[in-house]
Amino acid sequence: MKGSYTIRVGNNRLRYEFTICRNITILKGNSATGKTTLVEMIREYYEDHELSGIQLESSVPCRTLSGRDWSIILPAIENSIVFIDEDNDFLRTVEFADAIRNSSNYYVIVTREGLPNLPYSVSEIYGIRESGKYAGLKQVYNEFYRIYNPENENKLSEVNTIIVEDSNSGYEFFSAIVDDNKKVISSEGKSGVFGKLLENGFEKNCLVIADGAAFGSEIDRIMKLIHNMESVVLYLPESFEWLILMSGLIDGKRVQDILADPGDNIFSEKYFSWERYFTDLLVEETNNSYLKYAKRKLNPNYLHDTEKKRIVSAMDKAGKLISE
Amino acid sequence: MLKIIFGECAGVVTNPAVYFKNTYEDEWITDEMSRNMILDIDKSTVISERIIESPVLGGITPKELSGGVKTLILINNCPDKIFNASACGDNCAKWLLEMGKNKDITINLRHLMDFGNGDFEVYIQNTDQVVHNMRELVPIAGTIVR
């Protein structure tokens, strides 16, 4: 599947309305906000449709997955939104991650645990809250809200240390553009960021650059580590390749149209996470040009003054922190 | 004291809601601490052992309580068991700390629960350390769970 799906589901007491934007959505938050109730409603509607007393509006089938036989059931589900409650131990397994890779389904997973085997976006982690829209009516209306907005908290005017999740082209780029009084460290993957922050940047002015498209499993412990600390700033673009595409270096209406609404072009069957799509898009768009891109080794043309400035400029506030 | 085992751990009740449904006793529901937890977290009022008034769902039974409250009630009433307290949201944290003031309880956490901005005393069994606030807890627990 690709694109976004708005779902309305409810009974005579409780209604939910939300939009699912990517292949993996995480639901978490306080107890008693209605996460399990939502999954139960989806299950009851799937079993008995309107005869369940539940109304559900969705352009694709919605259903649930649970229990020991999940791996037998899942291959039979296609082009659906699959809801999974937190009491399923298989969520943490490599087998589950392998099973939903290349899947035509979207998944809505209730869990407070970070799931490092799954590449979900920081921006697709939601809580549920009561919507004020219909206050006073008999029915309670619930909506999703985004839990993490890490870049809103940028209060630094300068940084000394830059921790980069990437160990290839992204790391090469940032290492090459900073001046000598700044240190750039690769965490060699998303799971290394927490440790590198503890070792190097915890108390100093530090900028963390990571791929927001797949950093979801890490964001909670990072946000809690830097809570109330103005000395650490997160910059989480979708990916380094997305940043290059956003910089305007690559001409053409096609790229701009895609960036305006990437989800409409990203099939879950092909791309487990958006970062891989943006890499493929950049490679494709720069093939046979002086900006020919390879993830493993940075094309030095990206370090020419004009190109460098365009990319740093696309980083907004984080770019200023690096270049000043 | 509240004692925490972070990460996966053998012998833990991983699905407290199911365990609650099959083992709860009527008197657990009307116990004063349970009443207070149900009111605070689920915003619901215990009418009797088997009837609870929910502002959203109407009259419900204990089986329809939130997963967080069920887990708290189990932790309070089954000291010989260790429960997966990642079924509890951050709004349950103060109740875990409260229980830990009166007796030793051991819980399992598979995520970084937020115990708030205040001081507390929590024993991390994995590393044999006592921590006193989130600033001390997160660097230790964050290396074990996400």
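How many bridges join strand E12 of chain A to E13(A)? The first legend has the answer.

**Figure 1. Strands E12 and E13 of chain A run parallel.** Here 4 bridges join strand E12 (residues 206-209) to E13(A), and A:Leu207 stands opposite A:Val233. Strands pair if DSSP finds at least two bridges between them; helices (H or I, at least four residues) and strands (E, at least two) are DSSP runs, numbered from the N terminus. This is a predicted model, where local features need pLDDT of at least 70 and side-chain atom pairs count only at pLDDT 80 or more, while totals for chains, interfaces and linings use all residues. Residues are numbered from 1 along each chain as its sequence is written, chains are lettered from A in the order in which they are written, and side-chain values use heavy atoms, without hydrogens and water.

**Figure 2. An open sheet of 4 strands in chain A has the order E11-E10-E12-E13.** Its edge strands are E11 (183-186) and E13 (232-235), each pairing on one side only.

**Figure 3. Chain B meets chain A.** In contact (heavy atoms within 4.5 Å) are 31 residues of chain B and 28 residues of chain A.

**Figure 4. A:Glu218 forms a salt bridge with B:Arg146.** Their closest N and O atoms are 2.5 Å apart; the rule asks for a side-chain nitrogen of Lys or Arg within 4 Å of a carboxyl oxygen of Asp or Glu. On the side of chain B that touches chain A, helix H3 (32-42) and helix H6 (134-141) of chain B each give two or more residues, and H6(B) gives the most, with 4 residues.
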